[in-house]
Amino acid sequence: MINHTIGFIGSGQMARALAQGFVSAGLVEGGRIVHCDPVQAAAEQFAQQVGGSRKSASNGEIVAEANVIFLAVKPQNMPAVFSEIGGQIAPEKLVVSIAAGVTLGRLSEGLKTTRVVRVMPNTPALVGKGASAYALGPAATAADGQLVGQLLGAVGQAFQVDEKLLDAVTGLSGSGPAFVYVMIEALADGGVRMGLPRDIALALAAQTVRGSAEMVLSTGEHPAALKDKVASPGGTTIAGLAALEERGLRSALIAAVEAATRRSQELGKG
């Protein structure tokens, strides 16, 4: 059990996912989580989903009470947060930002504190299957890194990386769930086109993606090797793979990750 009070500036979906994960994993008691959001509906939903959590009246109250402060706001809203709480954070407090593209340098300058950690989580954290990465600021300690890794590990897998890699993490695992959802939808549409009922096609597509991902993670084999085991000579799978190659699935997915990474870099300059 972690004895810190954890504050969330921003009560949106990712903030709720993280807080729920912390409580479900037994790392943090609900009563040690405080949150604030200018959107009343978001604050109320956070309170409903994270039992025992407490709603604060202002971001200033979060800064005063919490030992670990999560900045869970959109990158575009970060300047307003800087204006409100910059210079108010005691040096012994840890700030963790999940805003895409906002660099450690901008965080330190805007908040006027250097004990910061930048994190890129993703939405599967909602079901405990998140893929996160984090980078430590100049004054963050090894213990801070261990704490953040422990918290993120409660909602999936977490990796410490150099900050220069976080935009690529954003493009891959941050945006990646949306790319996978499109793949699941397209697989299901293919099944429907071939005569399957919609509900069965969607369930088969989603379970196929889940099972395939688990095969990669549990066996440690390269995806190409696992692919080759499915594709027998002259069979159905190799015919389907040829169709994917003809239509450029690989290059489309690579381009999607690159485009999302570039956008993260742009947000960081904003």
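A nonpolar core here is a set of buried Ala, Val, Leu, Ile, Met, Phe, Trp, Tyr and Cys residues joined through side-chain atoms within 4.5 Å. Buried means under 20% relative accessible area, exposed over 50%, and partly exposed in between, with a 1.4 Å probe and protein chains only.

The model is predicted, so local features need pLDDT of at least 70 and side-chain atom pairs count only at pLDDT 80 or more, while totals for chains, interfaces and linings use all residues. Residues are numbered from 1 along each chain as its sequence is written, and side-chain values use heavy atoms, leaving out hydrogens and water.

Let us start with the core. The largest one holds 30 residues, and Phe8, Leu18, Phe70 and Leu151 touch the most other members. Helices (H or I, at least four residues) and strands (E, at least two) are DSSP runs, numbered from the N terminus.

H1 supplies the largest share, 6 residues. Apart from this core lies another one of 27 residues, including Val34, Val81, Val95 and Ala100.

Contact means heavy atoms within 4.5 Å. Beyond its neighbours within four places in sequence, Leu151 is in contact with Ile2, Ile6, Phe22, Leu27, Val28 and Phe70.

The expected span of a helix is 1.5 Å times one less than its number of residues. For the 12 residues of H1 that gives 16 Å, which agrees with end C-alpha atoms 16 Å apart. After H1 comes Gly26, with a positive phi near 75°.

Another positive phi, of about 60°, belongs to Lys112, which is not a glycine. Most residues other than glycine have a negative phi. Lys112 sits in the loop between helix H5 (104-111) and E6, and is exposed at 61% relative accessible area.

Now for the whole chain. The protein chain has 12 helices and 8 strands, and its C-alpha atoms fill a box of roughly 65 × 35 × 30 Å along the principal axes. Buried residues make up 40% of its 270 residues. Among contacts with a separation of 6 or more, 65% join residues 24 or more positions apart.
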